[in-house]
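Subject: Handover of a structure, with findings

Dear colleague,

Please find the structure below for your records. My notes on what was found in it follow directly.

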Amino acid sequence: MTIRDIAAYAKLSRADIDAIGAELDAIRSDIEESRGARDASYIRRTIVFQRALEVAARLLIAGSRSKTGLLAGVVVLAYAKSVENMEIGHNVGHGQWDWMNDPEIHSSTWEWDMVGPSRQWRYSHNYHHHVFSNVVGVDDDLGFGILRMSRDQQWERQHLVQPLRNMLLALIFEWGIALHDFYSARDRATTGEGRAAARRELKGKIRRQLIKDYVAIPALSLRRWKRTLVANLGANVLRNLWAHMVIFCGHFPDGAERFGPETLREESRAEWYLRQMLGAANFKAGPVLAFSSGNLCYQIEHHLFPDLPSNRLAEVSVRVRAVCEKYELPYTTGPLAGQYLQSLRTVFRLSVPDTGWRSIFRAASPA
């Protein structure tokens with residue numbers, strides 16, 4: 001399906017499309033011109049808060065002797081890791097804070113607390129995903145190479161188990177992202193040495209991450225090393241589950257459209273904006289939930305302006321929604337639980353052929 005097959009798009013005139021592009025360009029310009037000390041202070045405070053929270057979590061894990069204390073420490077550590085992953089690592093990696101010219105808070109230098117190298121993620125995510133969002137066969141994030149997330153993708157028998165694959169992906173999400181980004185880096189390498197370098201980079205990051213989480217930090221707990229080891233594993237799993245939920249809510253609920261590669265032919269800047277608006281989805285969130293999700297509750301705005309500071313997306317969303325209302329465009333949003341359940345329903349629905357279960361049985365029966 002191309003973007004021109006979507007009713008909300010098809011009714012727009014060329015003048016409407018150009019006007020939408022101009023209004024969205026104006027929003028970008030206004031935010032860029034108003035960035036300043038308030039925004040810089042926000043990201044620096046966020047980094048200090050996240051690091052303090054992680055220290056508090058580790059002290060709670062190591063210092064408490066009850067199971068309740070351990071559980072509380074795991075939850076706090078998982079939250080600290082989620083903030084580092086989404087509100088800091090993801091957003092810094094997008095270049096949202098590069099305008100500060102701070103070498104410590106820059107997309108080219110920040111290394112996140114995940115098993116995958118942030119450099120490999122930046123290419124796969126910032127280029128393949130954000131430039132070609134939801135284009136079947138081009139956007140590598142559409143199902144992450146293991147899930148069928150569009151009827152434009154041909155069904156295969158392996159898709160029958162994709163609900164189980166999705167459950168496993170949620171539990172080990174950081175590993176799935178790491179491998180996904182590695183394959184993207186490897187495939188773009190033009191020489192054997194380039195592919196080998198990508199492999200070494202991934203192995204080196206995995207080694208450092210495993211040593212940190214499962215050797216060095218537990219060793220600091222001395223006799224209580226097993227407790228710390230279990231806590232680190234539990235926190236990583238909880239962080240993975242949360243990241244998976246947030247990402248799926250922004251890309252796969254009802255209303256988030258998918259497109260065929262022909263959509264990209266002679267696509268204008270304004271049409272690119274429209275593809276982002278029609279292909280992403282938000283979920284409703286107050287300030288705490290927004291912060292906890294890396295402000296990815298504003299996925300539509302993030303896809304329109306991926307390099308604008310995350311703390312400004314709430315105000316951007318008001319203006320983007322007004323544009324949608326003006327031109328009668330859908331603005332897909334809903335409660336977090338509802339958006340996630342819709343995403344899971346899509347995973348289940350597309351695990352079987354479009355013709356239904358009976359076609360599977362007919363194909364399996366002898367002639």
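This is a predicted model: local features need pLDDT of at least 70, side-chain atom pairs count only at pLDDT 80 or more; totals for chains, interfaces and linings use all residues.

E174 is placed in helix α7; helices here are DSSP runs (H or I, at least four residues), numbered from the N terminus. E174 counts as buried because its relative accessible area is 5%, where buried means under 20%, exposed over 50% and partly exposed in between (1.4 Å probe, protein chains only). Its contacts, defined as heavy atoms within 4.5 Å, are with M114, V115, N236, R239 and N240, when residues up to four places away in sequence are not counted.

Residues are numbered from 1 along each chain as its sequence is written, and side-chain values use heavy atoms, with hydrogens and water left out.

The nonpolar interior

A nonpolar core is a set of buried Ala, Val, Leu, Ile, Met, Phe, Trp, Tyr and Cys residues joined through side-chain atoms within 4.5 Å. The largest such core in this model has 40 residues, and those with the most contacts inside it are W97, I105, F144, F173 and F248. Two or more residues each come from α3, α4, α7 (173-188), α9, α11 (287-292) and α14 (336-349). Of these elements, α9 gives the most, with six residues. A second, separate core of 28 residues includes I20, W272, L304 and L308.

I105, named above for its contacts in the largest core, is in contact with I43, R44, I47, V92, W97, M100 and W110, leaving aside neighbours within four places in sequence. F144 is buried, at a relative accessible area of 12%, and has a positive phi of about 55° although it is not a glycine.

L222 likewise is not a glycine and has a positive phi of about 55°. L222 belongs to the loop between α8 (192-220) and α9 (225-251). Is L222 buried or exposed? L222 is exposed, because its relative accessible area is 65%.

Helix α10 and T263

Helix α10 is mostly covered, with ten of its eleven residues buried. Among the buried residues of α10 are W272, Y273 and R275. The loop between α9 and α10 (269-279) contains T263, which is buried at 1% relative accessibility. T263 and R275 are twelve residues apart in sequence, and their C-alpha atoms are 9.0 Å apart in space.

The loop between α3 and α4

S64 lies in the loop that joins α3 (37-63) and α4 (67-93), and counts as buried at 13% relative accessibility. Its side chain reaches the backbone oxygen of L60 at 2.7 Å. Residues up to four places away in sequence aside, S64 touches L59, G69, L70, R224 and R227.

E111 and its surroundings

E111 is found in the loop between α4 and α5 and is partly exposed, at 39% relative accessibility. Which residues does E111 contact, leaving aside its neighbours within four places in sequence? They are E84, G116, P117, S118 and K205. The side chain of E111 reaches the backbone nitrogen of S118 at 2.9 Å. The side chains of E111 and K205 make a polar contact at 2.8 Å; a polar contact is a pair of N or O atoms within 3.5 Å, and within protein one must be able to donate a hydrogen and the other to accept it, with residues adjacent in sequence counting only if both atoms are side-chain atoms. E111 and A270 are 159 residues apart along the chain, and 33 Å separates their C-alpha atoms.

L71, V75, L168, L171, I172, L238 and L241 make a nonpolar surface patch of about 580 Å². Accessible areas come from the Shrake-Rupley method with a 1.4 Å probe. At least two residues of the patch are supplied by each of α4, α6 and α9. L71 lies in helix α4 and is exposed, with a relative accessible area of 56%.

With kind regards

How values were computed. Patches are made of residues with over 30% relative accessible area and no salt bridge: like charges are joined within 9 Å, nonpolar side chains (Val, Leu, Ile, Met, Phe, Trp, Tyr) within 5 Å. A salt bridge is a side-chain nitrogen of Lys or Arg within 4 Å of a carboxyl oxygen of Asp or Glu.
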